[in-house]
Amino acid sequence: MSPEIDEPPQSVDDWLDDHPQSAPTTGELQLSERASLQRVAGLSTELTDVTEVEYRQLRLERVVLVGVWTEGSAAAARANMVELAALAETAGSQVLEALIQRRGKPDPATYIGSGKAEELREVVLATGADTVICDGELTPAQLTALEKVVKVKVIDRTALILDIFAQHATSREGKAQVSLAQMEYMMPRLRGWGESMSRQAGGRAGSNGGVGLRGPGETKIETDRRRIRERMAKLRREIRGMKKARTTKRAARRRTEIPAITVAGYTNAGKSSLVNAMTGSGVLVQDALFATLDPTTRRATLDDGRAVVFTDTVGFVRHLPTQLVEAFRSTLEEVVDADLLLHVVDGSDPFPAEQIAAVRRVVNEIVAEEKADAPPEMLVINKIDAIDATRLTELRGALGADAVFVSARTGEGLPELFDRIREFVGRSDVELTIAVPFSRGDIISRIHREGEVLATDHHADGTTMRVRVPSAFAGELAPLTVDP
């Protein structure tokens, strides 16, 4: 038997040649960057007694959730807490316990009442939690009173959502919008203890500040508020400048007569996945709430050759903070200027009707603010691969025959969605016969880009074409029209 001969080791370059790697998409790069920085639990050096801390960063590690159930069914209340847990996990925290209190309205002093606050303190001690998250927007007084009882950091739903936005913002405009929203939220909630609260005053008015400290003065809190107001004014000016650039880009897209389709919906409904499935692009996709903050516009070609642009937008959520709606107004205007609004709904959610209502509430608010007409809406029920046939039948009956049921992951239902989009885009089209000379190739290319060619006949002087084009473009083609 001949001895076996070991082959020489394969070089890295040869291995790469044998195993070609596709270039990473933009979404994959963003996801890798987002995962490169993670919170590490248990390494905080923050003081145990929160009353000794003057200004504290938002730190989410081991949390207990608290909600007040004021209306609706028990299942709806539980679903709200599940959503709050998803928000907390997206922010990088570990959920230890969740508590729901049934009462007519939140307690004006401590949100859950003094007795329940003491019980919450016992749960915090038993679990070793360092943060309590409340499912609602608490007043500054409620936050302070509840913190005094539970002896750990207390934040509300608004601060939690703002923290997620701050982590996920990547563009200059997105970061400026989040910073503005955070400052608007924190302005009435600035707190201080000890000497930072004292006012410098002198003379007979009051006090013994001594030489150099007399006069009306200014407390540290007032100084911080003044600086925050100055920073907010600067951010608003910057956002207005960015809004002009965004408006200019939208106007350029409008001049091309390419239909603009905005994809909106509840957070984590699969909007980015749907845009990727329809356009073949690499928009960031992540199974997390508010994965997308910066609008992304991608171009696609329908089966008839018609070009359309899809814009992926930031997701909405129940009780979306008013600060975010105001700060992201320039971004949300993409919804108002759309020719068609694809309203994506998570079909696997137990209460899709509440998601639809939350999204429409925000859209109507934006439309009213801009004094514009709401764009036509097409309901798209996503994630049908995650539900059974019985649930799918229930959704079809509840949401009506106009809704389109798809799965961005498997591709099921996408052909029907494209057919519906093509039908909508072609509603205002006009059919006509034109004679195009050979020297006007620009017109032919524009027809292929913006319309549909039904028939073509070449002759010595040029090309006779039967086309279907948008009505605005048809007016420009009027000099070339001939009898069929």
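Reader: How many bridges join S12 to strand S13, and what makes the two a pair?

Author: The model is a predicted one, in which local features need pLDDT of at least 70 and side-chain atom pairs count only at pLDDT 80 or more, while totals for chains, interfaces and linings use all residues. Residues are numbered from 1 along each chain as its sequence is written, and side-chain values use heavy atoms, with hydrogens and water left out. Seven bridges join S12 to S13 (residues 462-470), and the two run antiparallel. Two strands pair if DSSP finds at least two bridges between them, so seven bridges meet the criterion. One of the contacts links glutamate 452 to its bridge partner in S13, arginine 468. The names follow DSSP runs numbered from the N terminus: helices are H or I of at least four residues, strands E of at least two.

Reader: Why is one side of S11 and of S12 left without a neighbour in the sheet?

Author: The open sheet has three strands in the order S11-S13-S12, with antiparallel pairing. Strand S11 (429-437) and strand S12 (452-459) stand at the edges, and each has a single partner strand, so one side of each lacks a neighbour. From one strand to the next the twist averages 15°.

Reader: What makes helix H15 a helix that packs on the sheet?

Author: Helix H15 (residues 441-450) touches S11, S12 and S13, where contact means heavy atoms within 4.5 Å. The direction of H15 makes about 30° with that of S13; axes are lines fitted to C-alpha atoms, for helices over the stretch in contact, and angles run from 0 to 180 degrees between N-to-C directions.

Reader: Which strands does S3 pair with in the parallel sense?

Author: Strand S1 (residues 62-69) is joined to S3 by four bridges and runs parallel to it. S3 and strand S4 (residues 153-156) likewise pair in the parallel sense, over four bridges. Valine 132 of S3 is the bridge partner of valine 64, and in S4 the bridge partner of valine 132 is valine 154.

Reader: Why is the crossover from S3 to S4 called right-handed?

Author: The chain passes from S3 through helix H5 (residues 140-150) to S4, a β-α-β crossover assigned as right-handed. The term applies because, with the strands pointing away from the viewer, the path from the first strand over the helix to the second runs clockwise.

Reader: What makes the contact of arginine 103 and aspartate 107 a salt bridge?

Author: Their side chains meet at 3.8 Å, N to O. A salt bridge is a side-chain nitrogen of Lys or Arg within 4 Å of a carboxyl oxygen of Asp or Glu, so this pair qualifies. The structure holds 15 salt bridges.

Reader: Is aspartate 107 buried or exposed?

Author: Buried means under 20% relative accessible area, exposed over 50%, and partly exposed in between (1.4 Å probe, protein chains only). Aspartate 107, at 16%, is therefore buried. Arginine 103, at 23%, is partly exposed.

Reader: Where do lysine 116 and glutamate 119 lie relative to one another in helix H4?

Author: The two are three residues apart in helix H4 (residues 114-127), so about one helical turn separates them. Lysine 116 is partly exposed at 38% relative accessibility, as is glutamate 119 with a relative accessible area of 43%.
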